[in-house]
There are 2 protein chains.
Amino acid sequence: MTTPSSIDLAEIRSARELLREVAVDTPLLHSRLLSETLGGPVYLKCENVQRTGSFKIRGAYVRIARLTAQERACGVVAASAGNHAQGVALAASLLGCKATVFMPEGAPLPKIAATRGYGADVIFHGPTVDGCLTAAQAYAEERGAVYIHPFDHPDVVAGQGTIGLELLEQCPDVRTVIAAVGGGGLAAGIGAALADRDPKVKVIGVQAKRIAAFPPSLAAGRPVRITGGPTMADGIAVGQPGRLTFELVSRYVDAVVTVSEESISQALLLCLERAKQVVEPAGAAGVAAILEHSYAVEPPVVAVLSGGNIDPLLLSKVLRHGLAVAGRYLVVRCRLTDRPGALVTLLSELAELGVNVLDVTHERVAARLHIEEAEVLLHLETRGPDHSQDVLDRLRGKGYTLTSG
Amino acid sequence: MTTPSSIDLAEIRSARELLREVAVDTPLLHSRLLSETLGGPVYLKCENVQRTGSFKIRGAYVRIARLTAQERACGVVAASAGNHAQGVALAASLLGCKATVFMPEGAPLPKIAATRGYGADVIFHGPTVDGCLTAAQAYAEERGAVYIHPFDHPDVVAGQGTIGLELLEQCPDVRTVIAAVGGGGLAAGIGAALADRDPKVKVIGVQAKRIAAFPPSLAAGRPVRITGGPTMADGIAVGQPGRLTFELVSRYVDAVVTVSEESISQALLLCLERAKQVVEPAGAAGVAAILEHSYAVEPPVVAVLSGGNIDPLLLSKVLRHGLAVAGRYLVVRCRLTDRPGALVTLLSELAELGVNVLDVTHERVAARLHIEEAEVLLHLETRGPDHSQDVLDRLRGKGYTLTSG
C-alpha cells in the first residue's frame, strides 16, 4: 500500500459526491449546557443518527465504491466487533458485493444481528479483534477478496473527511472541531477536509486515557504500539495508530488529548439527559474532552458524536451510575428489628425526608443478621448529594444501623 | 374566553415569526425500520431536541408574547408536573416576565430543578396536577397574574401548529402526520396548519388506551370527562379535552387512535435503539401507533416525537423491560447443592450455551431453601426468545431446579 502523507481536498469532495444518496447529512444540534460551560456556542454533529448508527459507513462505502468491478466481484472481508462491521456490511450490500466479517466470539449480540441483517456472512474467530484481523487478512489472501481496513487507507480517510465538509457548511465560523480517535481515520479525515482553513481553526482528537496510543506516538514521531487497560469506549480502543493515519494526524490535527472513564460516562449521560441523543461511549469522547479540557477549547465548537451503537444493558448501567455519582441515587442497607410495623415506620420516615423510594428488598433471614433482626436493601432517589447526606444522618440519628448497598 | 372553532393559517404563520429566534427548527430523521414496516418512508419530527426538551415552549412563548405589556408586568402563572412548566418558565424568562408554577409535591426532581433553572418560582401544592390547576387559577385571580392554560387557548394552539408548517417544508409529500394527544393542543395546531392541504393528507391523534378522553368525546360530540388508569405516558394523561381543542380536533384531525402501554414501551425502545433518540413515553406514542395501527397509516408518514424529558430511572427500567420482552434478557433463580464448585459448573454450562452472564447473586441461606441447598439469582443475556427457551430446557435437562426471577 502506498502511504501518501496528505489527502487532497478534491478527494474528499469526490467522496462526498459518492455518498450523496448513501449517507445522511447528519444534523448539528446546539447544546445549551455545553455552550454555557464554555461561554460560547457548542454544537453536536450527530453521526449517531448516521446509517448503521455511526460514521463508519462513510469510509467503508467510499473504499468499496472505488474498487474495480473485478475486485468487487471477489468480495470484501473485514474484522470488527462493532461499527466497522456494520459499515462494511451495508456498503457492500448497497454496491452488490459479497462481504465476510470476522467477529470475536463474545461480540455483542445486537451488532452480530445488525451485521447479518445487512447481508454479510459473519465468521466467529477467537476471543479478540486482533485475532480476527489476522484471520481476515489470511482469508483475503486465500480467496482473493479485498481486505477493508477500518482506518488506514486513503479512501476510508476521505470518506470520514466528508464530515468535515458538512460541518463547515453547517457552522462556517467554527473555531474548534473535536473528534474521537481510535485508529485515527475520523480525525485525519476531518483535519484534511479543513486543511485550507484559517490556521486559527483547531482540530482536537480525543482518546480514552486507558488506551491512548497517539500521544506517545506523536512524541516519538512514529506509530508506537501500546498495551492499555480496558475502556468502556471500546470503539476507540486501538493499540497502535495506522501508518497513514499517523502521518495525517501529525499533519492536520492540532492536539490529541485523553479523557478518563468517569468523564466519558458523565458525557454520555449529558448527551442522553440534555441533548436527548443516544451515543456509545466512544461517541461521547468529544463531549468528555469539553468537560475535562475546557480551557483548551475555543468556541464555536463542533464535537462529533461519532456513533450511537451502545448495548442497552450498558446504557442502563451508565444511567444508574450517573444518578449515583450525581448523588441522586442512593443504595443503602438498613437493619430493622424484625417485628410488624418496623418497615412501615422506616418508610414513613423516608417519606417525611422527601425521599422517593424506588425499590425495597426485605431480607428476613440472612447469615450476617442476629435472629431478631431483619435487613432491607433500599434504592432511593434524592434531590442531590446534600440531601443524600442529610437522609443518612437523620436515619442514623434515629438509631438505624446503615451500611452502603 | 372566546372559543373560535377554527384557527387562521395566518395566525400560525405569525406565531412562527415570533418563534424564529426562540424555538429550534427541529430535525426530521428518516427511520429505516419503520419505513420497512410500513412499506414507505417514515420520518420522525424530533421535538425531543426542542428547547426545554418538548414542543411546549412553542405554545407557551406565543401565548405570553401576545399578552399586553401591562399583562406581562403582572406575571404569569401555570400548573404542571412537567413539560408545560418548563415551557412557561423559559418563555416568561425570555420575555422578561415573572412566572409562578404550581407543581404537585411528588413531581420529578429534574423537572423541578429545570423549571427553577429557567427562573420560575415553584409552589408545591398537594399531590395532584388537578389540585395545582385550581390553586394556580385562584392565585391568578388574587394577584391579577395571567393564567397560562397548557392547551386550551388559540395562541397556544397556534404555537404548537408551527410544527405543522415546519414538517410540510421538510417533507412536502407527507400523507400522514401522527401526533400524541393529551389536551389536544398539538394535534389541533398541526391539523390547523395543514387545513388547506390536499384532503388525502391525514392527521392522526394518539392517546394512551388507559386514559383516552377524545374517542368518547368525539363519539358524544362534546368534551367528556373520563377517569382512566395510570399510564407511563404521563404527559398525555388528561381526563377531558379542552373546549377549543375539542372543536379543533373534531374539525382538523382525521382520527384519534389509542395505544397500549406495551406498545408505548416498545416504541420508546425503538426510538432509543434504532433512531438513537431519547423520548419520553408520551413522545413515543406516535411511533406506538405505527406499530399498533400500521394498516391505517399511509406513507410518507411524519410521526412527531413530542418530548424527551424522561426520568433516567424510568428509562433504565424500560430498557431492561424491553430486553426481557425481546427475550434477550432472562432473570432466573437456580438451585444448587451448596458445595464447592457447584457455581463454577453452572457458569461453565452457561458459557457453553453461548449465554452472557450479567449478574449473579449467590444466596447461601434463605428461609425457602433446604439446609444443603444454595440458590443463585442469574441475570442473563441471550440471543432471543428461542435461545432463552433453549437455555431453560437445557439447564432443566441437566437436573437444575429453576424458578423465574
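1. In which strand of chain B is the place of E381(B)? E381(B) belongs to strand β13 of chain B, where helices (H or I, at least four residues) and strands (E, at least two) are DSSP runs numbered from the N terminus.

2. On conventions, this is a predicted model, in which local features need pLDDT of at least 70 and side-chain atom pairs count only at pLDDT 80 or more, whereas totals for chains, interfaces and linings use all residues. Residues are numbered from 1 along each chain as its sequence is written, chains are lettered from A and ligands numbered from 1 in the order in which they are written, and side-chain values use heavy atoms, with hydrogens and water left out.

3. The same surface serves both copies, since 100% of the contact residues of chain A recur in chain B; contact means heavy atoms within 4.5 Å.

4. On chain A as a whole, there are 16 helices and 14 strands, and the C-alpha atoms of chain A fill a box of roughly 80 × 50 × 40 Å, taken along the principal axes. Of its 405 residues, 58% count as buried, a term that means under 20% relative accessible area, with exposed meaning over 50% and partly exposed lying in between (1.4 Å probe, protein chains only). Among contacts in chain A between residues at least 6 apart in sequence, 73% join residues at least 24 apart.

5. On the open sheet of chain A, four strands with parallel pairing follow the order β5-β4-β3-β6, and its edge strands, each pairing on one side only, are β5 (121-124) and β6 (146-147) of chain A. Two strands pair if DSSP finds at least two bridges between them; strand β4 (residues 99-103) of chain A and β5(A) pair in the parallel sense over four bridges, and D121(A) in β5(A) is the bridge partner of T100(A).

6. On strand β13 (residues 373-381) of chain B, nine of its nine residues are buried. In a regular strand the side chains alternate between the two faces of the sheet. Here E373(B), E375(B), L377(B), H379(B) and E381(B) point one way from β13(B), while A374(B), V376(B), L378(B) and L380(B) point the other way, and all are buried. Strand β11 (residues 329-337) of chain B pairs with β13(B) in the antiparallel sense over nine bridges, and Y329(B) stands opposite E381(B).

7. On E381(B) itself, the residue counts as buried because its relative accessibility is 7%. Not counting residues up to four places away in sequence, E381(B) touches L109(A), P110(A), D311(A) and L313(A) of chain A, as well as R328(B), V355(B), N356(B) and L358(B) of chain B.

8. On V201(B), its place is in the loop between α9 (185-193) and β8 (202-208) of chain B, and V201(B) counts as buried because its relative accessibility is 8%. Not counting residues up to four places away in sequence, V201(B) touches V174(B), R175(B), L194(B) and D254(B). V201(B) and V256(B) are 55 residues apart in sequence and 15 Å apart in space, C-alpha to C-alpha.
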